[in-house]
Amino acid sequence: MAMEFEERLRDRDAWSIGDGCSAERVLGLLSTKTVFLVVRECFYGTRRFEDFVARVGTSAPAVSRALKQLEAARVVARVPYQEPGRRARDEYRLTGAGEDLLPVFLSLMQWGDRHLQDGRPPLSFVETGTGRALGVRVTADPVQETTSDGIEIRLNPGRRRGRGESGGSREGTRG
């Protein structure tokens, strides 16, 4: 199975999209495992640098590079915060462009659940208000989109939590 090209594009040797390919550009942006896991953590509610380092499980310099790359691409933005009696620091939050990666993130999770987890995915993503399971589909029908703040992450039965994970909060859940 493959997609079908319109008539003027059927001769594949007669044209090239070159470096204008959007898929190639996205892969360039999400070029490392660390970058993608930082995006995952943003969806899970992680905001502070030290929490990214702990939850992504890599070095501080690697997380720093990933955050800088995502900030330069306007996927995340720095937001200043200050705890009482401490110096000012920055949090990292998804921008609108970052939120638009939600279907990409969920699609990869859904594919991994289906093909890499032996039928036992560790997490479920459900609509907060209804508890209905969420999935990503290619469709021509208009559908109502769900944003990340409308999703609850649940640990699937029979799966044990790993070190540092808690059952109820988005921040403490890995996937």
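Q: Which residues lie nearest the centre of the largest pocket?
A: In this predicted model, Gly135, Val143, Gln144, Glu145 and Thr146 lie nearest the centre of that pocket. They belong to a lining of 19 residues.

Q: Nice. How much space lies in there?
A: The largest pocket holds about 570 Å³ of space.

Q: And how do the residues of its lining divide by class?
A: You get 8 nonpolar, 5 polar and 6 charged residues in the lining of the largest pocket.

Q: Where does the largest share of that lining come from?
A: From H6, which supplies 3 residues to the lining of the largest pocket.

Q: Which residues are closest to the centre of the largest cavity?
A: Those would be Phe43, Leu102, Phe125, Ile151 and Ile153, out of 10 residues that line the largest cavity.

Q: Which elements give two or more residues to that lining?
A: H6 and strand S4 (151–155) do. H6 gives the most to the lining of the largest cavity, with 3 residues.

Q: What does that lining have by class?
A: The lining of the largest cavity has 8 nonpolar residues, plus 1 polar and 1 charged.

Q: H6 keeps turning up. At what angle do H2 and H6 pack?
A: Helix H2 (residues 33–43) packs against helix H6 (residues 102–116) at about 105 degrees, and their axes are 11 Å apart. That angle makes H2 roughly perpendicular to H6, because 65 to 115 degrees counts as roughly perpendicular.

Q: Which residues meet there?
A: On the H2 side you have Phe36, Arg40 and Phe43, and these meet Leu102, Phe105 and Leu108 of H6. By class, the contact of H2 with H6 has 5 nonpolar residues, no polar ones and 1 charged.

Q: Where do arginine 48 and glutamate 83 sit in the chain?
A: Arginine 48 is in the loop between H2 and helix H3 (49–56). Glutamate 83 is in the loop between strand S1 (76–81) and strand S2 (89–94). The two are 35 residues apart, so the pair links distant parts of the chain.

Definitions and conventions: Residues are numbered from 1 along each chain as its sequence is written. This is a predicted model: local features need pLDDT of at least 70, side-chain atom pairs count only at pLDDT 80 or more; totals for chains, interfaces and linings use all residues. Side-chain values use heavy atoms; hydrogens and water are left out. Axes are lines fitted to C-alpha atoms, for helices over the stretch in contact, and angles run from 0 to 180 degrees between N-to-C directions. Helices (H or I, at least four residues) and strands (E, at least two) are DSSP runs, numbered from the N terminus. Angles under 35 degrees count as roughly parallel, over 145 as roughly antiparallel, 65 to 115 as roughly perpendicular and the rest as oblique. Contact means heavy atoms within 4.5 Å. Ala, Val, Leu, Ile, Met, Phe, Trp, Tyr, Cys and Pro count as nonpolar, Asp, Glu, Lys and Arg as charged, and the others, Gly among them, as polar. On a 1 Å grid over the protein atoms alone, a cavity is a set of points where a 1.4 Å probe fits but cannot get out, and a pocket is an open set with protein on both sides within 12 Å along at least five of seven lines; lining residues have an atom within 4 Å of a point. Grid points are joined across faces, edges and corners, and a volume is the space filled by probe spheres set on the points.
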